[in-house]
Amino acid sequence: EAGSLSRPLLLVHRFADDNVLVSHSTKFFDQLRINKKSHLCEVHFLDNQSHVTPDKDSSKNIIINELDFFAQHLKR
């Protein structure tokens, strides 16, 4: 699917995620790079956080980044 990406994508991955492995995200990003689509993907890797973080400040920052991404890319 990576080769068919045509719109910007925000990929957020937490290194301590126990549901989705970091290798899944890196393999996907490698496929984007191979298909010359990596410029469409903004990647955020978050250290020491699991799938759902109980830390309110981290959650708030993630949501702010997501809203900024949507505001930037949904205007088009």
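Reader: What makes the place of Thr 53 a loop between β2 and α2?

Author: Thr 53 falls between β2 (41-46) and α2 (56-73). Helices (H or I, at least four residues) and strands (E, at least two) are DSSP runs, numbered from the N terminus. The model is predicted: local features need pLDDT of at least 70, side-chain atom pairs count only at pLDDT 80 or more, and totals for chains, interfaces and linings use all residues. Residues are numbered from 1 along each chain as its sequence is written, and side-chain values use heavy atoms, with hydrogens and water left out.

Reader: Why is Thr 53 called buried?

Author: Its relative accessible area is 13%. Buried means under 20%, exposed over 50%, partly exposed in between (1.4 Å probe, protein chains only). So Thr 53 counts as buried.

Reader: Which residues does Thr 53 touch?

Author: Arg 14, Ser 58 and Ser 59, not counting residues up to four places away in sequence. Contact means heavy atoms within 4.5 Å.

Reader: Why is Leu 67 called exposed?

Author: Leu 67, in helix α2, has a relative accessible area of 52%. The cut-off is over 50%, so Leu 67 is exposed.

Reader: What makes Asp 30 and Arg 33 a salt bridge?

Author: Their closest N and O atoms are 3.9 Å apart. A salt bridge is a side-chain nitrogen of Lys or Arg within 4 Å of a carboxyl oxygen of Asp or Glu, so this pair qualifies. The structure holds 1 salt bridge. Both residues lie in helix α1 (residues 22-34), 3 residues apart, about one turn of the helix.
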